Amino acid sequence: MEKTKWLDIKGNHDTFNLPSLESVENYYRKYSAIRRDGSFHHVHSTPFGNYSFISVDATVYPGPKRPYNFFGILDEKRMEELLLLAKESSQSNHSIWFGHYTTSTILSPSPGIRSIMSSATAYFCGHLHTLGGLMPVLHTRHFQGTLELEVGDWKNNRRYRIFAFDHDLFSFADLIFGEWPVVLITNPKSLLYSCPKHEPLEKLLQSTHIRILAFSLSSITSVTVNIDGVHLGQAVHSSGPIFTLKWNPRNYSDSTHNIEVIVQDSAGRSKSVHHIFSLQEDSQLRFDLLASFVLLTDHCTVVRVLFVMIVLIQLSILIIFRHRGYLELKGPPGFLNLTSFSLHVLSKINIFYYSVLLLTLYTVLGPWFFGEITEGKMGCCFSFGIFVDGHFLQGSVTFMVGLLQLVFFNIPMMAYLCWSLLQRCFGHNFKSHLHQGKYLKIIPVHLLMLLLYIWQIYSCYFLHMTYGTLAFFFSPLRTWLTLLTPLLIYRVWTLNSKELGTFTTQLKSHLSS
């Protein structure tokens with residue numbers, strides 16, 4: 001252990017509810033091995049060259065409470081620091097970058113974090129933690145050639161990674177603590193993780209031995225090597241955890257091949273590992289499409305675009321129907337006709353039109369709540385970001401929360417108001433529409449709206465528990481909206497029939513014809 005160099009980097013859980021870096025609750029400064037905020041560069045020197053390890057600190061300061069502390073942020077200053085560290089590492093044999101966040105969950109200015117780390121062989125990260133077990137392998141390759149290798153969490157799943165450079169060829173294995181033996185084939189390396197831009201892949205053809213790292217709590221008794229199902233021999237112990245077996249790589253210079261290594265220890269435990277390799281320089285395998293989507297997509301940008309698109313569509317529909325003249329109903333009273341008619345009615349009645357319009361605009365522009373964003377620090381939350389203690393944290397999760405607000409409450413409420421107004425135009429009040437006998441069509445609509453309203457109530461409870469009483473009372477988008485919604489629905493069902501007279505007459509005339 002005295003030879004071990006610990007390099008640790010903080011993540012979003014280290015900065016939850018952290019008012020400042022100087023706070024006594026900044027446990028990273030007190031308990032970490034590095035005890036230093038910000039990114040850093042460590043050089044591991046060997047007789048055959050230097051290997052750089054560059055950390056990426058994208059944590060947010062001040063650190064807000066959940067859920068607004070999921071995305072990392074790199075501002076211009078931090079990007080310049082990382083660019084300098086990248087230049088410092090240019091003379092190293094290899095550079096390994098590591099950080100908590102995946103690059104897909106880091107907000108960074110142009111040219112972007114992936115471009116800055118393009119000289120790296122690999123970027124190690126966590127944060128998504130195999131998406132709760134849904135994706136145990138989250139690996140991909142950047143368009144610039146750098147591997148991005150997410151690893152599961154240590155806390156709950158005891159995941160860890162070992163890696164090695166064998167004649168400057170990079171290999172790694174993701175493992176579960178307590179499972180023995182541990183095996184890593186370093187030569188020939190896996191084709192999937194080959195990096196032509198960063199590795200001397202021609203050395204594969206020049207190699208004389210297959211090399212394997214094998215560890216266990218008990219002594220290793222056998223290391224069996226098979227290629228393409230053909231037994232090649234028993235690897236012999238060289239030194240430390242290294243086992244080797246002579247081979248002629250020219251015998252495998254065509255196409256792709258599968259190497260399998262079976263390791264046994266004196267306690268009777270066995271481990272088999274395998275991978276595909278190729279000695280042809282132009283060969284390459286593709287990473288899992290879904291894993292690449294998760295790791296390469298700029299999720300914050302996607303959510304922002306969706307948020308803006310939905311807002312624009314909703315506003316366009318409202319404004320178009322508002323300024324549209326007389327709506328002539330044509331054809332049978334189907335879903336599209338009745339939907340169009342209900343939107344026409346809603347947009348023409350001021351109280352409903354302006355209520356929905358203002359709610360949509362407020363979701364985009366207004367402060368959602370005012371309260372204690374971090375311990376002892378007051379601030380305001382908007383869709384586009386958070387203001388706290390003189391700092392502005394650009395919007396990330398806020399857009400996701402705004403998107404959920406639109407999809408699971410604002411738009412359903414607008415649809416419910418349209419449906420309710422349509423029932424009124426049919427000549428019903430609240431009691432009479434329940435006695436139509438169409439329970440399978442009517443009851444689910446009310447139940448769905450009730451469930452969404454309960455979700456809105458829960459969001460108020462969550463706001464109170466997380467950001468305090470002040471945030472609860474000064475939250476127009478949560479608490480105030482929850483109180484105003486029943487009043488708006490009550491207004492629909494008690495609206496004077498005279499105000500609906502023209503629409504009722506038009507609808508009945510169309511139905512009779």
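1. Val 183 has Ala 214 of strand 12 as its bridge partner. Strand 12 covers residues 209-215 and pairs with strand 11 in the antiparallel sense over 5 bridges; two strands pair if DSSP finds at least two bridges between them. Strands (E, at least two residues) and helices (H or I, at least four) are DSSP runs, numbered from the N terminus. Strand 11 (residues 182-187) is mostly covered, with 6 of its 6 residues buried. Buried means under 20% relative accessible area, exposed over 50%, and partly exposed in between (1.4 Å probe, protein chains only).

2. On the basis of the model: this is a predicted model, in which local features need pLDDT of at least 70 and side-chain atom pairs count only at pLDDT 80 or more, while totals for chains, interfaces and linings use all residues. Residues are numbered from 1 along each chain as its sequence is written, and side-chain values use heavy atoms, with hydrogens and water left out.

3. Helix 9 (residues 350-365) has 16 residues and should span 22 Å at 1.5 Å a residue; its end C-alpha atoms are 21 Å apart, which agrees. The expected span is 1.5 Å times one less than the number of residues.

4. The buried residues of helix 9 are Phe 352, Tyr 353, Val 356, Leu 357, Leu 359, Thr 360 and Thr 363. Seen down the helix 9 axis, these buried residues fall within an arc of 155°, so they line one face of the helix; the arc is that of the directions from the helix axis to the C-beta atoms. Leu 358 and Leu 365, on the other side of helix 9, are exposed.

5. What do the buried residues of helix 9 pack against? They pack against helix 7 (299-323), helix 8 (335-348), helix 10 (397-425) and helix 13 (476-493), where contact means heavy atoms within 4.5 Å.

6. Most peptide bonds are trans, and most residues other than glycine have a negative phi. The bond from Arg 66 to Pro 67 is cis, with omega near 10°; Pro 67 lies in the loop between strand 2 (49-56) and strand 3 (72-73). The bond from Ser 110 to Pro 111 is also cis, with omega near 15°, and Pro 111 is in the loop between strand 5 (106-107) and helix 3 (113-116).

7. His 127 is not a glycine but has a positive phi of about 70°. His 127 sits in the loop between strand 6 (122-125) and helix 4 (129-132) and counts as buried at 6% relative accessibility.

8. Asp 389, not a glycine either, has a positive phi of about 50°. The loop holding Asp 389 runs between strand 21 (385-388) and strand 22 (391-394). Asp 389 is partly exposed, with a relative accessible area of 40%.
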